[in-house]
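Please read them against the structure below.

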Amino acid sequence: MAGKTVNPTRMELTRLKGRLRTATRGHKLLKDKRDEMMKQFLDIVRRNRALRAKVEEGLQRANAAFTVASAVMGPEMLEQALLYPKAGVELDVGYRNIMSVNVPVYQFRTTGSQDLYPYGFAQTSGELDDALDAMNQVFHDMLELAEVEKSMQLLAQEIEKTRRRVNALEYVVIPQTQQNIRYISMKLDENERGNTTRLMKVKDMVLQDAHDYKR
Amino acid sequence: MYKIAVLGDRDSVLAFKALGLDVFFVETEAEAKATLHRLAQQEYAVIYVTEQLSGQLQSEIAKYKEMAVPAIILIPGKTGSLGLADAALHSAVERAVGADIS
């Protein structure tokens with residue numbers, strides 16, 4: 001609004017004052033929102049980091065066992081053993097609201113048999129059992145990681161948006177409105193003074209006309 | 001009802017099959033992109049992608065970052081972690097806070 005002329009009228013002044021009030025209140029609310037979101041976000045980031053370390057470690061163990069199994073059994077046999085899994089996983093997605101950001105909450109159900117190993121033990125190596133065991137253990141954490149990481153991404157985006165808004169209000173909207181209000185009230189005061197002076201002048205002229213009065 | 005998918009090269013993701021996840025092997029970049037989009041449009045709420053593959057899919061993955069579903073999560077492949085997931089975390093923190101504070 002800077003540079004753009006504003007009408008120096010009382011109506012405009014009232015309007016701007018109202019706007020300033022709204023902007024100040026909005027700024028305070030958004031700032032509180034941002035601060036709270038930031039708090040939650042940092043918690044989530046911490047959790048994310050811990051979970052990721054856990055998952056990576058678990059998967060590494062599983063992969064190591066799996067590589068050995070693959071070497072012992074040969075890739076064809078391995079694939080054959082895993083081709084038809086007995087267990088299945090279904091996922092329910094719910095939503096949780098963190099400061100008006102909807103983040104997913106996953107709930108998983110295993111379907112089919114509880115038996116993890118989809119093969120007979122005759123033709124497979126023990127390392128494969130170990131690998132699947134390790135996989136199974138890390139799976140819970142993997143799902144939680146997915147939840148936390150998605151929450152983190154969504155929150156990060158919302159925080160960025162809120163931060164921009166707060167800054168726009170704080171550094172652009174509020175100062176400009178204040179400046180405009182100042183400009184209008186100056187202008188109005190100036191008009192008022194001009195009017196008074198004019199009246200005094202007119203009074204002098206009228207008095208002089210009436211009875212040659214001179215100050 | 002949602003499902004979980006795992007996307008990556010054969011050796012890295014085969015073991016997930018035993019857990020009952022839907023496993024998709026991809027070899028080429030174009031194949032990976034097509035599969036990722038296909039999965040995202042289907043009822044997969046969580047898609048795990050190996051870090052090795054994700055390097056080629058960055059812009060695709062970024063597209064889904066702002067949606068609640070699906071969540072695309074990086075996992076280390078058979079050659080171990082490349083630190084890409086950690087880098088993504090850092091960039092998210094930087095985006096939110098405005099400075100890298102960790």
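1. Start with one strand pair. E1(B) and E2(B) run parallel and are joined by four bridges. Strands and helices here are DSSP runs, numbered from the N terminus: E for strands, at least two residues, and H or I for helices, at least four. Strands count as paired if DSSP finds at least two bridges between them. In this pair, B:Leu7 stands opposite B:Phe24 of E2(B).

2. Provenance. This is a predicted model; local features need pLDDT of at least 70, side-chain atom pairs count only at pLDDT 80 or more, and totals for chains, interfaces and linings use all residues. Residues are numbered from 1 along each chain as its sequence is written, while chains are lettered from A and ligands numbered from 1 in the order in which they are written.

3. The whole sheet. It is open, with four parallel strands of chain B in the order E2-E1-E3-E4. Strand E2 (22-25) and E4 of chain B are at the edges with a single partner strand each, so one side of each has no neighbour in the sheet. From one strand to the next, the twist averages 25°.

4. A helix from the other chain. Helix H3 (residues 126-211) of chain A packs on this sheet and touches E3 and E4 of chain B. Its direction makes about 120° with that of E4(B). Angles run from 0 to 180 degrees between N-to-C directions; axes are lines fitted to C-alpha atoms, for helices over the stretch in contact.

5. The interface. 33 residues of chain B are in contact (C-beta atoms, placed from the backbone, within 7 Å) with 47 residues of chain A. On the chain B side, H5(B) gives the largest share, six residues.

Note on methods: Two residues are in contact if their C-beta atoms, placed from the backbone, lie within 7 Å.
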